[in-house]
Amino acid sequence: MAHTSEEILAGLAELVTDETGIAADQVSMEKSFTDDLDIDSISMMTIVVNAEEKFDVKIPDDEVKNLTTVGEAVTFITKAQA
Amino acid sequence: MAPLLQSHGAEFTRIISLGAARGDTSVSNDAIAGPIDSSDEWIRQRTGVIERKRSSAGEGVIDLAERAANEAITTAGIQAHEIGAVIVATISNSVQTPSLAALLAHRIGATPAAAYDISAACAGYTYGIAQADALIRSGAARYVLVVGAEKLSDIIEPTDRSISFLLGDGAGAAIVGPSDAVGIGPTQWGSDGSKWDAVGMNKTLQEAFADRDGGFPTLRQDGQAVFRWAVWEMAKVAKKALEESGVHASELTAFVPHQANMRIIDEFAKQLELPESVLIARDIETTGNTSAASIPLAMHRLLQEHPEASGGLALQIGFGAGLVFGAQVVTLP
């Protein structure tokens with residue numbers, strides 16, 4: 001069953017908290033993963049792999065580089081759902 | 001017509017002994033952070049590396065290999081002339097031919113042993129162990145010297161943020177020989193050439209020659225792609241190695257992964273759900289990533305720090321440029 005964008009944002013925030021300890025309410029759409037949330041490329045990849053499992057989508061390595069903000073990630077995951 | 005004869009070897013094999021040689025200079029994070037616009041704190045937090053060993057100009061990869069090999073031979077209690085094959089896993093031979101192994105065999109007194117290099121990057125040592133196991137069981141050799149040897153400081157670009165700052169110099173050696181019981185479990189090994197560009201040199205020799213000002217080829221990687229493959233794909237390989245050996249993760253004494261990055265080691269251990277009782281090799285902390293040398297160096301250090309681990313089971317797994325990988329469960333010497 002497809003998740004709404006709000007559900008995906010909440011789910012993604014949870015994954016970010018699990019990986020980095022950053023509070024879920026800090027993970028808002030406009031935030032940049034690297035510049036605002038200080039999430040490095042390795043943590044980013046862990047979050048991506050966990051998001052693939054959580055939302056049952058595929059996020060190819062090439063695509064990860066384009067997901068610079070939380071909003072871009074939410075949009076991609078929303079669209080990627082079957 | 002008379003039939004061909006077939007060779008037969010020992011039924012079982014094991015790693016009898018290990019030897020280690022690290023670069024003669026300790027290089028701190030502070031010493032290399034400037035050109036990559038980083039800091040000691042960042043490097044420690046993000047990679048787990050505190051310092052790395054590098055060889056000075058007078059110490060070549062063959063010297064590291066020789067030191068490690070001699071320690072392994074002495075500890076094994078065998079004579080060099082009993083070695084049937086010398087295998088050197090390396091990406092540090094600065095000529096396409098002849099092999100480092102041929103020179104090493106000569107230097108340690110193992111001539112006329114078979115001698116060849118393996119180019120399998122950070123999986124090279126596990127490939128070498130797989131081959132030693134097969135050579136001995138088939139009767140092609142009685143003792144095999146497997147060495148992972150690297151002088152990666154020769155192929156480093158100081159301003160490269162993708163991998164150079166992690167790299168170190170060293171050699172680890174193993175004498176593999178016949179055993180009364182299984183000491184090397186079935187190897188899980190393979191490749192994924194679709195990711196050939198994920199890690200490797202930044203240019204070919206021809207390109208470097210055509211542009212002399214551009215410098216010698218150096219190592220680089222697509223860190224994110226390699227991380228994902230190294231953790232999640234390699235976790236599947238590790239689990240298969242355990243299954244095929246008939247060993248459960250809880251029965252391991254030690255886990256000795258290629259020392260690529262502490263974050264990979266941590267995430268990998270989490271994926272394998274290793275109980276706290278399992279010792280995890282973390283030699284990268286003060287040695288750096290030494291590619292083919294990293295597993296034997298890490299295992300050697302683990303045994304120095306935990307001699308009681310000798311005789312226990314260890315899962316070793318190497319993975320790197322190719323992309324290629326190799327894993328086996330072994331009895332700790």
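**View 1. Helices α3 and α4 of chain B pack at an angle of about 50 degrees, with their axes 10 Å apart.** Here α3(B) covers residues 61-76 and α4(B) residues 100-108; helices (H or I, at least four residues) and strands (E, at least two) are DSSP runs, numbered from the N terminus. This is a predicted model, where local features need pLDDT of at least 70 and side-chain atom pairs count only at pLDDT 80 or more, while totals for chains, interfaces and linings use all residues. Residues are numbered from 1 along each chain as its sequence is written, and chains are lettered from A and ligands numbered from 1 in the order in which they are written. Axes are lines fitted to C-alpha atoms, for helices over the stretch in contact, and angles run from 0 to 180 degrees between N-to-C directions. The two helices are therefore oblique to each other (under 35 degrees is roughly parallel, over 145 roughly antiparallel, 65 to 115 roughly perpendicular, and the rest oblique).

**View 2. Five strands of chain B make an open sheet.** Their order is β8-β14-β13-β11-β12, and the pairing is mixed; two strands pair if DSSP finds at least two bridges between them. At the edges sit β8(B) (188-191) and β12(B) (279-280), each pairing on one side only.

**View 3. Strands β11(B) and β12(B) pair in the parallel sense.** Two bridges join β12(B) to β11(B), residues 254-257. Look for Ala254(B), whose bridge partner in β12(B) is Leu279(B). Helix α10(B), residues 294-305, packs on the sheet and touches β11(B), β12(B) and β13(B) (313-320); contact takes C-beta atoms, placed from the backbone, within 7 Å. The direction of α10(B) makes about 150 degrees with that of β11(B).

Notes. Contact = placed C-beta atoms within 7 Å.
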